[in-house]
Amino acid sequence: MKKISRFFITGLIAIWFSLGVTAQSSQQDLNQVELMKQFIGTWKTETGVDTTALWEVIPSDKGYLSNWYFQSKGKTYSTVKGIIGFTGKNKLPDQIVNFVFLWPNGFISYDMGKFDSDKKISFERFNADHSHITALWEMNFQTQDKITSIFKSRGNKDTWDNAKVTEWTITRVKK
């Protein structure tokens, strides 16, 4: 009877352990390089009354060029250039997606993140010396042509209590 009990308990532990390992490995198996391909193309969002933003994501070797065109009444008033690439060894699970943007005033923003699932990517934006997270950014693919984006910015403040939250629905521009 003791042998049967030990066998049964050992079996339960083995099953529990294997379920835990499977759940963890599925998240680690997200290929950030492949998932980023979902962004390729031109996207558009309303940013205010009579204002929109167009976002181009253009493949460049294994990375991407990124251009934001902010427009009012159809005329571009600001452009933000960027690059999107990867750090880590480009091997699972070490990949990290990096967005680097050059703003018209010369400011450079640096966002680091990962896909949490095949449809959701989360970023942290850092200050210049990487000592402080200034913003959190989450993008969710609702469909292959529609993204919801939530950007939460606290700047140099220590808390998120009065953070500015910007929500956009970004849709693919069909050509």
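I began with β1 and β2, which form a hairpin with 2 residues between them, and aspartate 50 in the turn has a positive phi of about 60°. I work here with a predicted model, where local features need pLDDT of at least 70, side-chain atom pairs count only at pLDDT 80 or more, and totals for chains, interfaces and linings use all residues. Residues are numbered from 1 along each chain as its sequence is written, and side-chain values use heavy atoms, with hydrogens and water left out.

**Entry 1: strands around β1**

I took helices (H or I, at least four residues) and strands (E, at least two) as DSSP runs numbered from the N terminus. Two strands pair if DSSP finds at least two bridges between them. β1 and β2 pair in the antiparallel sense over 7 bridges. β1 also runs antiparallel to strand β10 (residues 164–172), joined by 2 bridges. I then looked up lysine 44: it stands opposite leucine 54 in β2 and opposite threonine 171 in β10.

**Entry 2: positive phi**

Most residues other than glycine have a negative phi, so I noted the exceptions that I came across. Lysine 73 has a positive phi of about 50°, although it is not a glycine either. I found lysine 73 in the loop between β3 and β4 (75–87). For accessibility, buried means under 20% relative accessible area, exposed over 50%, and partly exposed in between (1.4 Å probe, protein chains only). Lysine 73 counts as exposed, at 68% relative accessibility.

**Entry 3: the core**

Of its 26 residues, Met36, Phe39, Trp55, Val97, Phe99, Ile121 and Met139 touch the most other members. At least two residues of this core come from each of α2 (32–36), β2, β3, β4, β5 (96–102), β7 (120–126) and β8 (133–143). I listed contacts (heavy atoms within 4.5 Å) for valine 97, leaving out residues up to four places away in sequence; among them are Met36, Ile84, Phe86, Met112, Ile121 and Phe123.

Last, I checked leucine 65, which sits in strand β3 (residues 63–72) and is partly exposed, with a relative accessible area of 38%.

Technical notes
Core = buried A, V, L, I, M, F, W, Y, C linked by side-chain atoms within 4.5 Å.
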